[in-house]
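Me: I'm new to this one. Can you walk me through it, one piece at a time?

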Amino acid sequence: MHLAYPAVLAALLFCTGLYGVLARRNAILVLMSVELMLNAVNLNLVAFDVWLRDTVHAGQALTLFTIAIAAAEIGIGLAIVLMVYRNRGTSDVDRLRDTVEGREPAPTSDSAPAEPTAPRPEVAA
Amino acid sequence: MTTTTLAVLVPLLPFAGAVAGLLLGRTAPGFVRPLAVLPTLAAAVLAVLVAVSQGGGRPIDVATELTPTGSVPIDLALYLDGFAVLTAVLVGVVATCVQVYSTAYLREDPRYPSYAALVSLFTSAMLLVVYSGDLMVLLVGWEIMGICSYFLVGHYWETEAARSASLKAFLVTKLGDVPFLIGLFALAVDAGSFRITKILGAVAAGGLDHPTLIALLLLAGVAGKSAQFPLHTWLPDAMAGPTPVSALIHAATMVAAGVYFIARLLPVFTASRAALVVLAVMAAVTMVGSGLAALAQDDIKRVLAYSTVGQLGYMTGALAVGDRGAAFFHLLSHGAFKALLFLGAGVIIHAAGTNSLSAMARMDGLAKRIPDAFWTMTIALLALAAIPPFAGFFSKEAVLVAAEQAATGHSDSAPSAAGWLVLVAGVLTALLTAAYATRLWLMAFRGRGAAAPDHGKEPLAMTGVLWLLAVPSIGFGLAAGPLPDWLDGHELSPTVATAVLGTGAAVIGVALTYALWQRAAARAARVPAGLPTAAATAEAEHAAVESAAQAPEVDEVTHDHPAVVAGAVPDPGKALLGPLYRHAAAGFHLDAVYAALFVRPVRAAAGLVHFLDREVVETYVRGAGGAPRLLGALVRRAQTGNVQSYLSTLFAGAVVLAIATAVLANVNAGS
Amino acid sequence: MIGTTLAAAAAAGSGASPGFLSPSGVEIAFLLVGLATLGAAVVTVTTKQLVHAALWLVVALGGIAVEYLLLTAEFIAWVQVLIYLGSVVVLLLFGLMLTKAPIGPSPDADSGNRWVALGVAVAAAGALVWVVVDAFRTTWIDLDGPVQGSTAVSGEILFRHWVLPFEALSVLLLAALIGAIVLSRKNGDTGTARQEGKR
């Protein structure tokens, strides 16, 4: 099989994921795009491993590790997103702008138009 | 101890006293007075010892080189000849007198510690100048004296007059010091050394390439320091300082430093006839002009200041005719009686509560209130007027004799034109000197009007010093005999012709002034005291205002002021000078000339610089600040807080870099 | 330029090596599955419906698993199916539900950064594809011979050569597990109690 097929496919998938990371508003969709990028890399690894006929199969082993780490990443990432959502009432990436220039470090609920139903522990406490 | 060790100790002791006084002035006020008087006294005693052991013999010349200084070496050198040791004695004695006097005079002054330390420092610097055998070391002392003078003139810095006077003294003397410095360098380059002995050797061997230029450059510095025309204007204004300072610095010692300097380097000046003629013209103009100006002054200290200028003119005149012995003789005797005059004037001001002569002329019995000051002042004024047998007569005669010898062609170095100039101006000035001395005496002690205020007895520290200084004022003329052995060996005793000429002029001056005073007093008596003319009232008020403006010490004297009684004042000077009086009182408007020539252009230039700084330079500065601010504002806009835009920029950059790398690799591979 | 180099490569490689323009069966299958995968991925990052995005992601990831199979890496293919399709996507769906993601099209799914993102992505894609094609236009993978990614082979290399990283990875997973738990807790016990009480 021509090596260019999996390589080009991996490159295109990676760029699709890149677009998703940069363009999506919802943090969970951003995480999905990150998964796409990781998979593109994995595809590359496997293709080159097969091409090289590596005796220790470093590419495949690394792919397995990547998959495991991606699983851990998605777990942690989702936990963070959930926490942000609980604190801010939103998981939209472009509304989390506490580091904008010229703004005092505001109370955490300030940066997001709070939904009335959103629980806010620190306010409640 | 060897003479050299003693001589080294002489300047060091007052210096140590000054340092200790500055350090302990605040913490241990009890030590201030001993620290001021004792080192100076010890220095005076040591100076006398040095003088005795040197004894007018061969000059002692020792030097040590601290470190190599390149092509022209600078040594720590002592050069002790008769001039140096005797001047040191004068400086030491007068400084001691002034320190003792100051303990009483500035008793209640809160800044006495720093004042005493500065006077000690000044004494040390002057002794350094006197003893130094190296021109660079001499220059150090010279400049320290200048800065001490600046501080001491501005002692009463609360008053505008003292502040501006100190600035003026500093700037005018610096105006002379800059050419002086250049002259020193030129001299050292020509002679190959800063050592006085080597320079004199080079001059004797005819080794100077530009004697006239060097002499004229040095003359500028001397004119500044010794208050000679046209740089004399700072000295009358410097009277804003405390009276003892005027006695020490602006009468006896510092202003004599210029004369002393020329005396030391006289061969350099006699190498150039043009310089001698310039010196003679300078001396003549200074003498006559200052005599006229002194006749018109109302402030007693300004009279004495102009008198100092005139007497220094005598000294430079003697130097112009190439006789440094005569100049030096006059320096010593003048130092004694002028210090006495100033210290006495301090007592008078203390007693009368004013500086103004016209105010004193309206007081009765001032002489009886302060008999010590009266008698010593009388002695000193007689010495100033050169009435035999007082000290001033002999020293002035020495100058006139030297001028006469030069005029008749007996001098080997001086041109006869300079001799005639100095002789004529000297005789004329003798008349003027006698006239203003008489005027001063009459107006200060023969006043009529309200009784002088009684402030009790003057302290012993003040009157005792007066009597101490009165001794040389009377008897220093006897030194005319032995003195030549210490100096060059020129005869210093008077000759009949000049004695008759000089004394005749002085007697004429005294008599004329007395007669005019009598007439003026009679006319003043005709006007009823209760109904003074409007003009006289205005004039008296003017005089009072003037005296208040010129005499900051009036505020400092703690006694209550006597009310100025309106009325005409018999002033012989007015009658003597006639239409010249107005101009003489203003110092012949030299200050106005300076204002037009220097002050206004400098102010205009300063205004230009101000404008350039404000409008041009600051624009650049503002631009330098504004451009980063603008850039910063632009960059701030990029800080949106949106993580995605940051990430986009990051990736865009990475892509650009990757493409650039790929393109470059392709291009390189293709080539 | 790429086209010409590709053509040149095809012309040069038509002799000894397999032809570029005469694909084998595996290549055709790879190409088709790849197109499907790419399409699913594009839909994933562009669709307005959040849940649909997750579901299209399943298609994309599954496509990649098929590609693994075609590349004879069967163990990784099954791991992909198990972990990605089985757990990650489910996790993502749970996340969407917990953050109250709307069902149905949400018009603001893309941020204002979309056009910049598109530019960056297209530029990156162009650069990557150009470089990759330029570099590997004459390279073929020999898929004949022994299977390289079977379970036996994978197990052997994993436990013979990669034991230490494997064990380290297990520690990492443990740490991630604990971290996720800590993060998911509701800000301490009192806060949790109050939150529970409120609800």
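Me: Start with chain A. How many helices and strands does it have?
Reply: Chain A has 4 helices and 0 strands. From the N terminus on, its elements run α-α-α-α. Helices (H or I, at least four residues) and strands (E, at least two) are DSSP runs, numbered from the N terminus.

Me: What sort of model is it, and how is it numbered?
Reply: This is a predicted model; local features need pLDDT of at least 70, side-chain atom pairs count only at pLDDT 80 or more, and totals for chains, interfaces and linings use all residues. Residues are numbered from 1 along each chain as its sequence is written, while chains are lettered from A and ligands numbered from 1 in the order in which they are written.

Me: What's the average pLDDT of chain A?
Reply: Chain A averages 81, and 81% of the residues score at least 70. pLDDT is the predictor's confidence in each residue, from 0 to 100.

Me: Next, the contact of chain A with chain C. How many residues does each side give?
Reply: Chain C gives 82 residues and chain A gives 65. On the side of chain C, H5(C) gives the most, with 13 residues. That side divides into 54 nonpolar, 20 polar and 8 charged residues.

Me: What counts as nonpolar, polar or charged?
Reply: Ala, Val, Leu, Ile, Met, Phe, Trp, Tyr, Cys and Pro count as nonpolar. Asp, Glu, Lys and Arg count as charged, and the others, Gly among them, as polar.

Me: And how many residues of chain B are in contact with chain A?
Reply: 10 residues of chain B are in contact with 11 residues of chain A. Helix H29 (residues 643–670) of chain B gives the most to the side of chain B, with 5 residues. That side has 3 nonpolar, 6 polar and 1 charged.

Me: Which residues touch the most others in the largest nonpolar core?
Reply: Ala88(B), Ala339(B) and Val422(B), out of 228 residues. A nonpolar core is a set of buried Ala, Val, Leu, Ile, Met, Phe, Trp, Tyr and Cys residues joined through C-beta atoms within 7 Å. A residue is buried if 20 or more other C-beta atoms lie within 10 Å of its own, exposed if 12 or fewer, and partly exposed in between; C-beta atoms are placed from the backbone.

Me: Which helix gives the largest share of this core?
Reply: Helix H15 (residues 324–352) of chain B, with 19 residues. Apart from this core lies another, of 81 residues, including Met32(A) and Tyr68(C).

Conventions:
Contact = placed C-beta atoms within 7 Å.
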